[in-house]
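Please look over the sequence and the structure shown here, then follow the description below.

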Amino acid sequence: MTQTLVIKIGTSSLTGGINGRLSLATLAQLVEVLCQLRQQGDRVVLVSSGAVGVGAARLNLRERPRQLARKQAVAAVGQGHLMRIYDDLFTVLGQPIAQILLTRHDIIDRQSYLNAYNTFHELFDLGVIPIVNENDTVAVDELKFGDNDTLSALVASLVEADWLFLLTDVDRLYSADPRYQADAKPIDRVERFEELDALAITLGDRGSEWGTGGMATKITAAKIASEAGVRTAITEGKFPHNILKILGGEALGTQFIPQPKTINARKRWIARALIPRGELWLDAGAVEAIVHQGRSLLAAGITQVKGDFQAQDAIKLCNSNGEEIARGLVNYNRQELNQIQGKRSRDIPEILGYEGAETIVHRDNLVLGIKDHGNHS
Ligand SMILES: Nc1ncnc2c1ncn2[C@@H]1O[C@H](COP(=O)(O)OP(=O)(O)O)[C@@H](O)[C@H]1O
Ligand SMILES: N[C@@H](CCC(=O)OP(=O)(O)O)C(=O)O
């Protein structure tokens with residue numbers, strides 16, 4: 001059976017050894033495994049970090065640059081170098097590759113998102129392995145993925161992958177960072193994310209010296225992927241053959257069981273690809289109408305408006321305690337909502353002086369049961 005596989009390799013696995021230089025053995029084995037999967041007929045996407053790390057090594061920098069402009073410049077050096085190495089290795093095995101650099105903005109913009117979808121599918125048809133990274137050189141600070149774990153999960157959701165592999169420098173998730181707690185317990189399988197909350201895992205906020213996200217961003221990625229029906233495995237990048245073993249059914253690494261897909265691709269994009277720009281707090285009647293009766297949100301049930309947003313931005317819908325109960329695309333901007341919150345729909349044209357949408361968030365643009373990810377600490 002043909003499968004779609006997204007494999008993400010972190011900086012910590014790509015660069016090892018002396019002075020953070022590229023770990024050639026790992027790269028060569030990874031390339032071999034990916035070519036094997038391609039030859040079996042699978043569709044393969046590689047999400048590769050390393051632009052900043054490789055750029056820094058190329059420029060003989062001793063530590064990861066912190067300042068944005070410097071990081072962007074170093075990434076520009078590293079990305080080209082990294083692709084050249086990938087192209088050399090894949091060419092040895094006759095495998096064509098492509099470079100796809102994405103920014104958060106490309107994912108937020110529906111048209112760019114759909115274009116990216118079409119490009120991935122054309123590349124699959126052509127038998128190419130796309131290699132994805134964040135377009136670090138142009139990404140603006142407040143609109144960055146920052147770590148490639150989240151990016152890889154959004155790519156897995158976009159291409160409707162069967163599997164997401166997160167290759168890192170530990171063999172699996174533990175109850176605590178194994179670098180500091182020798183007795184940390186390994187976690188092999190996660191059926192439901194509530195189990196992780198119950199285990200009270202400690203993840204830290206930063207990974208190894210060159211990595212960015214640590215385990216917290218990997219869990220967030222696994223949640224996003226799982227919601228999109230994608231099975232996720234965290235495993236050690238040093239042993240790329242583990243990918244084949246896991247696909248063959250071996251219980252290696254930490255494997256996250258996907259949830260049944262309950263929302264369509266467009267609603268997944270609203271819920272996870274977009275960044276909410278504001279909040280609408282609702283009274284009990286409005287909560288009941290949207291949660292239990294599947295209705296659109298009308299102005300009458302809005303009690304508070306927060307944030308600064310434009311029409312068609314994503315916003316959070318919250319109950320009277322401020323807990324998020326849904327997310328959606330809003331039909332009015334902040335100033336308009338200040339005027340019409342709590343008002344009857346039929347009075348809106350007179351208040352605003354023009355005919356607007358009847359609903360504030362239409363039910364086709366509304367996603368229920370949303371929880372903010374990444375609340376592990
Ligand atoms: N609970 C945990 N289980 C496993 N590893 C953890 C945990 N908490 C923190 N870590 C650390 O996360 C690191 C991997 O993250 P990171 O360096 O960002 O990797 P990558 O570059 O692969 O994204 C590991 O080296 C490990 O020390
Ligand atoms: N886009 C960045 C990724 C940053 C990064 O280090 O990510 P990761 O190693 O996956 O935690 C790069 O290529 O350097």
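## Contacts, helices and annotated positions

The side chains of E324 and R327 are joined by a polar contact of 2.8 Å. A polar contact here is a pair of N or O atoms within 3.5 Å; within protein, one must be able to donate a hydrogen and the other to accept it, and residues adjacent in sequence count only if both atoms are side-chain atoms. E324 belongs to strand β14, and its relative accessible area of 18% makes E324 buried. Buried means under 20% relative accessible area, exposed over 50%, and partly exposed in between, with a 1.4 Å probe and protein chains only.

The model is predicted, so local features need pLDDT of at least 70 and side-chain atom pairs count only at pLDDT 80 or more, while totals for chains, interfaces and linings use all residues. Residues are numbered from 1 along each chain as its sequence is written, chains are lettered from A and ligands numbered from 1 in the order in which they are written, and side-chain values use heavy atoms, with hydrogens and water left out.

Helices (H or I, at least four residues) and strands (E, at least two) are DSSP runs, numbered from the N terminus. Two helix pairs are set out below. Axes are lines fitted to C-alpha atoms, for helices over the stretch in contact, and angles run from 0 to 180 degrees between N-to-C directions.

| Helix pair | Angle | Axis distance |
|---|---|---|
| α6 (residues 110-125) and α7 (residues 148-158) | about 75° | 10 Å |
| α3 (residues 51-58) and α4 (residues 68-92) | roughly 90° | within 6 Å |

Helices α3 and α4 are therefore roughly perpendicular, a term for angles of 65 to 115 degrees; under 35 counts as roughly parallel, over 145 as roughly antiparallel and the rest as oblique. Contact means heavy atoms within 4.5 Å. On the α3 side, A51, V52, V54, G55, A56 and R58 take part, and they meet K71, V74, A75, V77, G78, Q79, H81 and L82 of α4. The residues of this contact comprise 8 nonpolar, 4 polar and 2 charged. Ala, Val, Leu, Ile, Met, Phe, Trp, Tyr, Cys and Pro count as nonpolar, Asp, Glu, Lys and Arg as charged, and the others, Gly among them, as polar.

Helices α6 and α7 are likewise roughly perpendicular to each other. Their contact involves Y113, A116, Y117 and F120 from α6, together with V155, S157 and L158 from α7. Of these residues, 6 are nonpolar, 1 is polar and none is charged.

Helix α11 (residues 265-273) is mostly covered, with 7 of its 9 residues buried. These are K267, R268, W269, I270, A271, R272 and A273. Their cover includes α6 and α7, as well as β14.

An unreviewed UniProt entry lists S49, D136 and N148 under "binding site". These positions are spread over 100 residues of sequence, yet they cluster in space, the largest C-alpha distance being 10.8 Å. D136 sits in the loop between β4 (129-134) and α7 and counts as buried at 14% relative accessibility. Beyond its neighbours within four places in sequence, D136 contacts A51, Q72, A75 and K144. N148 is part of helix α7 and is buried at 6% relative accessibility. The side chain of N148 makes a polar contact of 2.9 Å with that of S49.

Key. UniProt positions are given in the numbering used here, feature names are shortened, and annotations may be inferred rather than shown by experiment.
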